[in-house]
Amino acid sequence: VPGAQPLGDTGLFLSRNLKEARAWLDDSIGSSLRFRFFASCVRWGPGELSKEVEDKAWMVASVAREVVLDECEGLLGKPLWSELASLIGPEVEELGREYNVLD
């Protein structure tokens, strides 16, 4: 998508331009299998995210690009967040169920 920003060296990119993303698909430049839309945004001030990770408000995990871009029901037949939790480990799955954020 024109103007998309790389997310480190992951091969993933961020764009906030839905119109350009739609044109990218409509013009057959890109494939709908090569991107995902996530709605919503969280922004942190300097040091705020590091503090929240330290306080265990967030969990950090390295995940293959193929997992993030996999179709809706994922490699394991689960929605993305459920799939990620199961890949990270049973503690994360348990927390997800406890807070009612996983199926």
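I began with lysine 56, which sits in the loop between helix H2 (48-54) and helix H3 (65-69). I note at the outset that I am reading a predicted model. In its backbone I found a positive phi of about 65°, although lysine 56 is not a glycine. I then looked up its accessibility, and because the relative value is 71%, I put lysine 56 down as exposed.

Next I turned to asparagine 100, which lies in the segment after helix H5 (90-98). Here too I read a positive phi, of about 60°, at a residue that is not a glycine. With a relative accessibility of 66%, asparagine 100 also goes into my notes as exposed, since the cut-off for that word is over 50%.

I then went through the salt bridges, and the count came to two.

One of them joins aspartate 26 to arginine 22, with the closest N and O atoms 3.2 Å apart. Both residues belong to helix H1 (residues 18-26), and because they are four residues apart there, about one helical turn separates them.

Lysine 51 has a relative accessibility of 45%, so I wrote it down as partly exposed. Aspartate 55, at 46% relative accessibility, is therefore likewise recorded as partly exposed.

Note on methods:
Residues are numbered from 1 along each chain as its sequence is written. This is a predicted model: local features need pLDDT of at least 70, side-chain atom pairs count only at pLDDT 80 or more; totals for chains, interfaces and linings use all residues. Side-chain values use heavy atoms; hydrogens and water are left out. Helices (H or I, at least four residues) and strands (E, at least two) are DSSP runs, numbered from the N terminus. Buried means under 20% relative accessible area, exposed over 50%, partly exposed in between (1.4 Å probe, protein chains only). A salt bridge is a side-chain nitrogen of Lys or Arg within 4 Å of a carboxyl oxygen of Asp or Glu.
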